[in-house]
Amino acid sequence: MKLPMDGKVALVTGGGSGIGAATARLLSESGCCVAVAGIPANGVDAVAAEINDGGGSAIAVPTDVADSSQVEAAVEQTVAEFGRLDVVVASAGMQMHREDVDLHEMSEDAWDRTHSVNYRGVMLTCKYALAQMVGQGGGGSIVIISSITAINGRSANVSYMTGKTGLLGLNRYIAVHYGKHGIRCNAVLPGALERTPNHDNHPDPEGRAKVLDAMVPLGRIGTPDDIAPMVAFLCSDEAKYATGAEFVIDGGVTVI
Ligand SMILES: NC(=O)c1ccc[n+]([C@@H]2O[C@H](COP(=O)([O-])OP(=O)(O)OC[C@H]3O[C@@H](n4cnc5c(N)ncnc54)[C@H](O)[C@@H]3O)[C@@H](O)[C@H]2O)c1
């Protein structure tokens, strides 16, 4: 897939695996220079190396998005290397499948840890990216990876689902208040995916996949490659009139 993005500079958090890695590859194929950000460092190193080995231009930026100073430094490093910042994909996220359950018994630590990455971490990513984009001028595009858990109450993981729901508000806020700067922001809401660390972290990944496969009208749970093309499209100027919108990609599971 090649979008007209030659010379654009992208920062992708959670870029070391899953949706972030798949999107980083597509953005590179479309001509972007890519800062592959996230933890663990070996994941972002590997994806950046793969892009560079394939003739693209990438840097690895090990970054814990829960740490404000690291996020600020990631934006600075991207700009120091590539000169500007046009595109941000906020894909870093985690899910505490075992601890983030049964609100009346859940530890408040599980809530805080989940929100520090999935909600506050995305806010920090957007905050420092917006400062750069507004300052340099010329607009920009941000894509926030939420989840279909944001639009129904089924998830067992209350911290996860409330964080993902909060991101929809952040998406609308940025769209409304930064449109005057030519900055767009959209949210992508994936359904359940297989073959990611997030998936493998589940107490019963194969059981999860089996149950979910049976629920999905298209007959299977998704993969990062099912999601990344929509993310890359929204990053590009081809999506120039899309902002503040929510794009569900879930094989049809939410419309049952
Ligand atoms: N996998 C699913 O079923 C699913 C479904 C809906 C939404 N999502 C969301 O999609 C996004 C990407 O997830 P994925 O499916 O590609 O799984 P993934 O686990 O491969 O991707 C998440 C990435 O974020 C990184 N990360 C975790 N904590 C971090 C931190 N503090 N700082 C920086 N990076 C950190 C992980 O190491 C990983 O590389 C996440 O926000 C996730 O919540 C996933």
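Me: Which exposed residues does the face of α3 turned away from its buried side carry?

Reply: Start with the terms: helices are DSSP runs of H or I with at least four residues, strands are runs of E with at least two, and both are numbered from the N terminus. A residue is buried if 20 or more other C-beta atoms (placed from the backbone) lie within 10 Å of its own, exposed if 12 or fewer, and partly exposed in between. Here, that outward face has S69 and A80. Keep in mind that this is a predicted model, where local features need pLDDT of at least 70, side-chain atom pairs count only at pLDDT 80 or more, and totals for chains, interfaces and linings use all residues. Numbering runs from 1 along each chain as its sequence is written.

Me: And which residues of α3 are buried?

Reply: V71, A74, V75, T78 and F82. Down the axis of α3 they fall within an arc of 90° (taken from the directions from the helix axis to the C-beta atoms), so they line one face of the helix.

Me: What covers the buried residues of α3?

Reply: Look for contacts, meaning C-beta atoms, placed from the backbone, within 7 Å. The cover includes strands β1 (9–13), β2 (33–38) and β3 (57–62), plus helix α5 (120–136).

Me: What happens just after α3?

Reply: G83 takes a positive phi of about 95° there.

Me: How about E50, where is it found?

Reply: In helix α2, residues 41–53. E50 counts as partly exposed because 16 other C-beta atoms lie within 10 Å. Its C-alpha atom is 8.7 Å from that of R25, 25 residues away along the chain.

Terms used. Contact = placed C-beta atoms within 7 Å.
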